[in-house]
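Have the structure open and follow along.

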Amino acid sequence: MSHCELITGNEAAAYAVKLVKPHVIAAYPITPQTSLSEKISLYIESGEIKAEYVTVESEHSAMTVLISASTMGARTFTATSANGLLYMHEQLHWAAGSRLPIVMCCVNRGVGAPWSIFNDQQDSFSQRDAGWIQMYCRNNQEIIDTVIQAYRIAEEVYIPVMVCYDGFILSHTMMPVEIPEESLVQEFLPPYTPHTEISPESPKTVNPVFFPWRRENHEGVLCDGYMEKRYKLQDALLHSADIIRRTNRDFAAMFGRDWGGMTWEYRTDDADIFIVGMGSLAMEATVAADELRRGGIRAGVLGIRVFRPFPCREVADALRGARAIIVFEKCVSYGQTGGFSTDLKAALYGTGITAPLHNYVAGLGGRDVKARELTEAVEGSLTAIDGGDGEHKTVWLNCFTG
Amino acid sequence: MQEILWYGRGGQGVVLAAQILAESAFLQGYRGVTSAPMFGPERRGAPLTASTRISPESIRIVSQIEAADISVVLDESLMDIMSVAGRTRKGGLLIINTARTCGDFTIDGDFRIAVVDAARIAREKHMFFGGLPTVNTPLLGALARVSGIISLDYIEKGLKMKMPDTHAYSNFEAIKTAFERTRVTQEGT
């Protein structure tokens, strides 16, 4: 039977790893991920996880170990944060290009320099174009449920999945979490079958140099060139949205918790003011929406659960009736604007949605963001918008910019 | 929602106390319970805080506590260097581990003050951690006595979630003594 425990986000992730029974784990400790890899080590020591734990000297090696193991048909797991993720960068591309269903937790932390161990989402955002699926969690229950879902998604579409959640804010905060029943998880998650079988009896070269053109192999079969391989990754990523939606529905049917698939909404039925965000900040924004409604403003929240593939259909559907779109985001596309809002604007182009969009860069390097401050920011934006100012605007919230 | 801030020093079990309260409250039936340490690196002896939020409804707030309904001070020397009273809400409660009496504290603020000599209780019970008297768990007894949000029975149950039964037994003995010895003022006096 399932049961409820008060656990941190990192403990929730470790619990999920125990339930999905991976074969190979390799991780290098880094704050705020460390207590997750520690917990997994304890599970392995106690025999509760029967996996090979490969100790490595770096995150680059951690991902390389998983690439090899996953190629051979092992279910794999790793986790990291911030500069550790950046150190993995080359192998992130390699994992996606190799179409390996590796699952990784990114415990979101600000990127140096200057050093910060505190939370924002610049680390995973900066890996946006590596070809991974990226999912963001709003609380610890969603972490355990999303890690389980991530394996089914990854192993169905052969794309690695990054499960992202806010460092400290979730990773180190205890909250009630319903632990899914182990037998149900086994039923939900079929065994992993690799797309290519490799063994000493059937040796193959994987991902050698591809030429610009397509080429016949030794059997005379015309094979993909580099560009076809890359197109297939893009095509699979775009189509993975359907798999993510279906996986969420199946999960909800089996475990009774519906996380919304690509996005989630809060009090949006009659909303004309939309607050948009990812992760725990979007959850805090639901409290702001309640406050705004008490003041007569019909506010709702559009939470982004999946950032890659981008939820184009969901955001266009949700924001159709928006009079104003207010984005709060913990990432920046340096030289452009807030990281998430840049993509959101691109997704809205051509949809006929022309509502003014104000984006607030917030909470970088762990700066606290309170529901009250989100409320005030929305009210400030509405004063400008209602005063006839239809321009898009970027503001760094709680930041001395003078 | 009740917001509780714990003030102590690295090594005093500040985070553990905040977590035991969370476990106890959850077992008592509160649906919304969260507990967090002060975010960042930890160092023995350094001032630190931990928090517990308790609510009948599930909690959607993850930002830090601005002002506490209940402040619990494990080391009273921190009151000179941290704004403990200033972060305690009007109508709230300030619980201090001290050998002094309530009347010895001249604090401006519209809240009740409760005192208990947790260090003395720990010494009487031979409860030491890292050479220092264990003051974190006795303060849970003081909290059960004066806060009105948690019962002693559930503190005992919560304790058992976080430590082996033999430790829970001796800690609960200290908690019960603290419960009896806690003294409280009326608001502002």
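Chain B puts 20 residues in contact with 24 residues of chain A, where contact means heavy atoms within 4.5 Å. Before going on, a note on the ground rules: this is a predicted model, so local features need pLDDT of at least 70 and side-chain atom pairs count only at pLDDT 80 or more, while totals for chains, interfaces and linings use all residues. Residues are numbered from 1 along each chain as its sequence is written, chains are lettered from A and ligands numbered from 1 in the order in which they are written, and side-chain values use heavy atoms, with hydrogens and water left out.

Back to the two chains. Together they bury about 1900 Å², 63% of it on carbon and sulfur atoms; buried area here is the accessible area (1.4 Å probe) that two parts lose on being put together, summed over both. On the chain B side, B:Phe39, B:Arg60 and B:Val62 supply 35% of the buried area, more than any other three residues.

B:Arg60 also has a salt bridge to A:Asp290, with the closest N and O atoms 2.9 Å apart. A salt bridge is a side-chain nitrogen of Lys or Arg within 4 Å of a carboxyl oxygen of Asp or Glu, and the count between chain B and chain A is 2. As for secondary structure (DSSP runs numbered from the N terminus: helices are H or I, at least four residues, and strands E, at least two), helix 1 (14-28) and strand 2 (32-37) of chain B each supply at least two residues of the side that touches chain A. Strand 2 of chain B gives the largest share, 5 residues.

Now look inside chain A. An automatic or database domain assignment divides chain A into domain 1 (3-188) and domain 2 (263-396).

In one salt bridge, the side chains of A:Arg305 and A:Glu142 meet at 2.9 Å, N to O.
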